[in-house]
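The sequence and structure are shown first.

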Amino acid sequence: MKKIAIIGAGPAGIEAASILARNEFEILLFEKSANPLANLLDKAYLFPNFLPAGELVESLNRQLMHENIKLLTDKEVIRLSQENDLWKVIDKYEKSYLVDAVLITTGYTTFDASQKEELGYGIYKGVTTSIEMEKMIHYKQIFNTIGETPQRIVFLQCVGSRDEKSGNNYCSKVCCVTAVKQAIEVRKILPQTEIYIFYMDLRMWGKGFEEMYRSAQEEYDIRFVRGRISEASSTFNKKVQIKAEDTLSGRPLKMTTDLLVLMVGMEASLGTQNLGKQCHIDGKYGFIETENPHTADNKTSASQVYVAGSCKKPMSINDTINDARSAALTIINNLKD
Amino acid sequence: MNTRYWNEYQKEIADDKYFYERSCIRQTFFPGSEAAFLKMLQEELGKDIRDEINQHTCTGIGYHADIVPIETTLTIVARLFSLMTEAGYENYVPSCVTSFGIFTEMVHIMKEHPDILEQTRENLRKATGREFELPKNLVHPSDIIYKFRYELKKKMKYQLINRFTNKPLQVVEHIGCHYAKIFPEKGIGKAEFPHVLAGMIEAWGGEVIDYPERRHCCGFGFRHYLLQENRGYSIANSKKKFESMEPYEPDFIVANCPGCTMFMDKWQYVIAEMEHKTYDKDGYGIPVLTYEEMAGLLLGYDPWKLGLQLHQIQVERLLDKIGIPYNPAQKYTGVNGEILPSPEKPSVLKV
């Protein structure tokens, strides 16, 4: 039985592990955290069908229950090296494992919003991120800085994505629809709160996204303003003052809000960057470069090193799972006797 | 919380041997500030700083008002550098924030474009027969005070503490646009959370007020006041700042730009006359100091020798809060001891 190391037990890693295990591969599934699916555990609902994230977690965890899968938590992979036709995987405890192939599913991290000092994250309590907002929605604990129900919440798109100043020129792809989804969830919890979304343009690329955007306006009274927020500051009563330009009306705009939610873009995780560099398969912005985006999007230029999910580029969860299936199929075709 | 990226970026500021360039307008508006800066460097810190007598304009206001072409500005800047080179100095310190912006921009242009550097050398040679070198270190005097703020603190007699309440004074700081907004990396703390003045205030016992319009324009904005028709725009900007800072009850404002200091001081008088509105609850207005005046006061320099009587908003109440002694009878005494006439009192602002 051939042995595959899958690095990262997120949705991509688990989905691929499950398929490969059922096709008689022995899987070593490495996870740096104490539990798999760390990025999913605090998520509330998933677009576009508002599936409770817990249901997906449960489903993925069930897939782990296979005799061919050995889950190795708290085992961050720090080095990969080639030994003849095999790969040597070395974890942070310097323990090594020999495998026939490696599938990298090390995923993403999010942009550190405090780098955009003008937006006040890490300085003003009322400025938060989409990651923190997701937790607030999940636990239904949405309060302003003094523990009251917010009268107004403002979401700002493209923080650390499509932004030359922060060095991330690429589109993070999922933030547009995430903001619309979060705004709808907030409306369900807080029917009286004014909700605004500031955007450059809304990229509703997926099935059901455009409809969700329309219903956000028509059914949920979410107000969309086309414009970037230039600065945030704290007011005397601890609210957040924002300045922007409404580019549709061509006028400057100033408003105060209880919460400013920064939709932080996806970046290559440190693990992704590290392994990418080691195998010389790192691409622009630290994401892993595939052999060919059309014909071999799960292969890399390193022999028997495959890749799936958001370590390649920003990707939604359902796309990640599909990509993992594609990677599993590629491995099966390449390695099965 | 409170992650500040300026912590990771420290500007290079030379230790000693500075060539000082005075400002065209500061000696009129705040006549004691430049002298106080030289005194602090020479007497308190024991530094070598040259106060050149053959200096002249940097063309800043004319350049930004589009009446001086860039080639002229480059050549005039080159002549000032030639004075520095001739005197054997390499660290250039222009007093005015606009000059700092001009020199930063011109040095940047000459470094990026060797052909322009060569043309400027040629222009200066033709016009004056002089040669120049670009400065090794170019900083604003507020950078130097910031660098040595703890050394100066050791010599200070007073702190930014209200002696009646024993609480830190609440201070509004405002940096000039041409200090960090043109080239953010040339300012300590960059443009969003500039730390050059905040660092002095915090080191000397005060607290910085982080009010909503902290980064908003002071109202100077060259074209906005140079053209009389635009002055309403200038004062509207200052008013926006005053209204934003008012609830925090600032004890004083400190700035590092001549325009900011003057306009935030003088427009308070104009707003009071126009709208009967003052921005401190007792009707006296908010005093506006230069950073040299702030440092000089804490070092125990005589307020009247620092030129504080030339400010529109009177400073006595601030001096009382800090506990700085002053002689009211000496307020309008000339350097030769002659008693000068007192200025007319404003109709709204209390003095």
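## Confidence of the model

The mean pLDDT of chain B is 94, and 97% of the residues in this chain reach 70 or more. The structure is a predicted model, and it scores ipTM 0.83 and pTM 0.90.

## Overall form of chain B

Chain B contains 15 helices and 10 strands. Its radius of gyration is 20 Å, close to the 20 Å that the globule rule gives for 351 residues, so chain B is as compact as a globular protein of that length. Taken along the principal axes, the box filled by the C-alpha atoms of chain B is roughly 60 × 55 × 50 Å.

Of the 351 residues in chain B, 45% are buried. Contacts between residues at least 6 apart in the sequence of chain B join, in 76% of cases, residues that are at least 24 apart.

## Domains of chain A

Two domains are given by the domain assignment of chain A. Domain 1 is made up of the segments 3-107 and 269-335, whereas domain 2 spans 113-266. A distance of 31 Å separates the C-alpha centres of domain 1 and domain 2 of chain A.

Where the two domains of chain A meet, 11 residues of domain 1 are in contact with 19 residues of domain 2. On the domain 1 side of this contact in chain A, seven residues are nonpolar, two are polar and two are charged.

Key
Residues numbered from 1 in each chain as written. Chains lettered and ligands numbered in written order. Predicted model: local features only at pLDDT ≥ 70, side-chain atom pairs only at ≥ 80, totals over all residues. pLDDT = per-residue confidence, 0-100. Domains from an automatic or database assignment. Contact = placed C-beta atoms within 7 Å. Nonpolar A, V, L, I, M, F, W, Y, C, P; charged D, E, K, R; others polar. Helix = DSSP H or I, 4+ residues; strand = E, 2+ residues; numbered from the N terminus. Rg over C-alpha atoms; globule rule 2.2 N^0.38 Å. Buried ≥ 20, exposed ≤ 12 C-beta atoms within 10 Å, placed from the backbone.
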